[in-house]
Amino acid sequence: MSRGGIYYSQLIKNRAFWAKNLRRIFYTKLIPLRRRFLVLKEGGKVTNEPFLVEELLIVLGGSTDPERFGSAFYLYRRIYSDGSSKNVVFDCGAELYDDVEKDATGKEVKVKRVRGGNFDYLKENNITVHAVVVSHGHLDHVGMVAKLKRYLAPGALIWGTPQTHDIFHDLCWETLKFSTGTFTYFEVREVTSKRRRAILVPGENEILPGLTIFAGPNGHVPGSAFFIVGNALLLNDFCVHDQPIVLGAQPISKCVPEEWRRKVKKVPVTDLTYGNASRKNWVEQIILFEAWIDSIHARGGKAIIPAFRFGREQNLALELARDGFEVVVDGGGRSTFLSFLRNRWSPNDQNDFLFKNISFVYSKRVMRELEDEIAAAEACGKFGLVEELRQLSLRLITRDELASSTRPVVILTTAGMGDGGPFGYYAQRSLENPKDGIARVGFCSPDTTMDRIIKAKKSGERVTIPVDDEIDDLGNAVNFAEFSVECDVAEFSFSAHGDLEDSAAYLADLVATNGVKLELIGLAHGSRESKENGRRRFADLVENETGLVDCEPNTVIRL
């Protein structure tokens with residue numbers, strides 16, 4: 001046999017070669033040939049323009065720990081007959097985790113680190129990202145967008161709602177503190193520049209030539225969105241109950257035009273945050289929360305509430321202020337308040353709130369932002385808002401004045417889990433004061449500052465916490481102190497997510513309205529138990545069991 005014959009004989013027997021290349025050969029060689037034949041048969045003229053042959057959604061986020069949610073990171077690929085592709089990233093979040101390092105004395109200490117999804121896939125497959133679409137401004141959805149800079153095509157835009165873009169810059173800088181070389185200052189500056197921003201509108205958005213997606217409000221936070229791309233609904237984090245700052249998501253039959261709704265055959269991205277439990281009723285939690293605050297104030301103490309800056313801090317401030325409590329807001333939540341006031345992306349977003357009984361802690365940035373908002377309101381003739389903002393600027397108070405005050409106040413400080421922000425400033429003054437109280441008001445990861453405070457209160461042990469927001473070059477807290485926990489410590493749950501029954505009802509409405517079961521439901525954004533519960537609950541909404549897909553890292557979903 002000739003040398004060439006031996007080569008082709010070995011090639012035919014090489015299973016690895018065929019496993020890797022058969023699909024490519026099918027789409028780039030055989031289908032185009034068949035298409036040319038059919039066109040010629042009908043007497044048409046053959047063109048060499050590439051056509052779409054495949055759509056993929058690749059899960060690059062998630063977590064290697066089945067009990068953690070990880071980060072949201074999805075790559076949508078449109079593959080054409082000539083082998084080219086258009087690639088869009090939907091969300092690119094960060095996951096905080098605990099690491100161990102040695103300090104200057106050689107002692108091992110726990111530090112907070114951040115990691116993203118499978119960027120190696122982009123590198124190994126030489127992927128160029130032509131557009132990025134972000135659903136909302138939470139760390140686990142946008143925290144690693146800066147790392148995409150090295151994969152972005154020239155002129156690639158980052159699409160998001162106005163509220164998301166407002167906080168996007170700050171979140172990227174926050175992630176940089178913990179990134180340890182994951183990305184650079186220059187990458188953050190590039191992806192957050194105004195020339196990279198593109199504003200989504202509710203409804204149809206052409207994010208690339210020939211690629212239009214549908215965006216609609218999903219009720220999670222102001223400006224948060226679901227997306228329809230191709231035949232897929234990316235539900236993202238969603239919520240059906242009303243909150244002070246945003247109304248709950250409407251059934252898809254009421255908020256999506258029929259031509260878009262009928263396209264949906266698959267729902268690869270769901271929200272199983274509460275897949276293993278029912279969310280607690282918001283109104284009932286508020287009643288219990290306010291009763292606890294009353295008990296703290298009755299003995300002459302202050303209530304210290306660490307809360308997430310994008311949503312939770314504003315929700316609780318408005319609820320408490322409306323019920324007559326004096327509320328002081330500190331941390332990044334002050335800027336977020338003004339962003340929500342300035343922007344209304346959809347009718348679901350509520351920005352007609354008043355600042356009665358609400359004060360801000362003073363900073364130069366907040367003073368400058370208030371002046372800008374007053375000028376903008378005057379230019380629009382909103383004179384009632386002008387007066388509201390002027391009164392708010394007159395109520396600015398410094399942290400030291402607030403700490404020394406004996407007034408019965410509620411201090412809402414950025415840092416939902418107690419890590420970062422100004423929480424340490426207040427906690428060090430309240431932990432050993434039996435009159436004061438500290439409350440957890442949402443999700444709390446293990447071994448975060450708030451988690452350690454709760455455990456120390458129950459066990460009677462002392463707790464070590466960061467006492468300010470000073471950090472070193474690697475993002476580690478610098479100043480720590482140990483305290484006994486003499487104050488009252490309480491736990492509440494104010495969720496901005498739907499639970500399993502909410503998700504099932506939402507998807508059932510889609511199935512009933514379209515009159516056909518779904519081909520696929522992705523089990524995403526939940527623990528292992530949540531996903532198993534989702535598998536059982538959604539079983540009657542899909543055509544067969546194989547349509548229930550666990551969105552583990554590197555899962556490939558064909559749309």
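1. Helices (H or I, at least four residues) and strands (E, at least two) are DSSP runs numbered from the N terminus. Axes are lines fitted to C-alpha atoms, for helices over the stretch in contact, and angles run from 0 to 180 degrees between N-to-C directions. The model is a predicted one, in which local features need pLDDT of at least 70 and side-chain atom pairs count only at pLDDT 80 or more, while totals for chains, interfaces and linings use all residues. Residues are numbered from 1 along each chain as its sequence is written, and side-chain values use heavy atoms, with hydrogens and water left out.

2. H11 is largely enclosed by the rest of the structure, because 9 of its 10 residues are buried. Buried means under 20% relative accessible area, exposed over 50% and partly exposed in between, with a 1.4 Å probe and protein chains only. The buried residues of H11 are Gly333, Arg334, Ser335, Thr336, Phe337, Leu338, Ser339, Phe340 and Leu341. For the chain, 55% of the 559 residues count as buried.

3. Helix H5 (residues 162–177) packs against H11 (residues 333–342) at an angle of about 155°, and their axes are 9 Å apart. The two helices are therefore roughly antiparallel; angles under 35 degrees count as roughly parallel, over 145 as roughly antiparallel, 65 to 115 as roughly perpendicular and the rest as oblique. On the H5 side the contact is made by Gln163, Asp166 and Ile167, and on the H11 side by Thr336, Ser339, Phe340 and Arg342. Contact means heavy atoms within 4.5 Å.

4. Strand S18 (residues 437–440) and S21 run parallel and are joined by 4 bridges. Gly437 has Asp488 of S21 as its bridge partner.

5. Another open sheet has 7 strands in the order S8-S7-S6-S3-S2-S1-S24, with mixed pairing. Strands S8 (197–199) and S24 (556–558) stand at the edges with a single partner strand each, so one side of each is left without a neighbour in the sheet. Strand S1 (residues 52–59) and S24 run antiparallel and are joined by 3 bridges, and Ile58 has Val556 of S24 as its bridge partner. H5 packs on this sheet and touches S7 (152–160) and S8, its direction making about 120° with that of S7.

6. Strands S9 (residues 203–208) and S10 (residues 211–217) pair in the antiparallel sense over 5 bridges. Asn205 stands opposite Ile213 in S10. The two strands form a hairpin with 2 residues between them, and Gly210 in the turn has a positive phi of about 85°.

7. The largest nonpolar core has 80 residues, and those with the most contacts inside it are Leu122, Phe289, Trp292, Ile305, Ile358 and Phe360. A nonpolar core is a set of buried Ala, Val, Leu, Ile, Met, Phe, Trp, Tyr and Cys residues joined through side-chain atoms within 4.5 Å. Helix H9 (residues 282–298) supplies the largest share of this core, 6 residues. Apart from this core lies another of 30 residues, including Leu211, Val229, Leu520 and Ala524. Not counting residues up to four places away in sequence, Phe289 touches Ile305, Leu316, Leu320, Ala439, Val441, Phe492 and Phe494.

8. Phe325 lies in the loop between helix H10 (312–322) and S15. Phe325 is buried, with a relative accessible area of 10%. Leaving aside neighbours within four places in sequence, Phe325 is in contact with Glu290, Ile293, Asp294, His297, Leu320, Asn357 and Val410. The C-alpha atoms of Phe325 and Ile293 are separated by 9.1 Å, and the two residues are 32 residues apart along the chain.

9. On the whole chain: there are 18 helices and 24 strands. Among contacts between residues at least 6 apart in sequence, 71% join residues at least 24 apart.

Conventions. Pairing = 2+ DSSP bridges.
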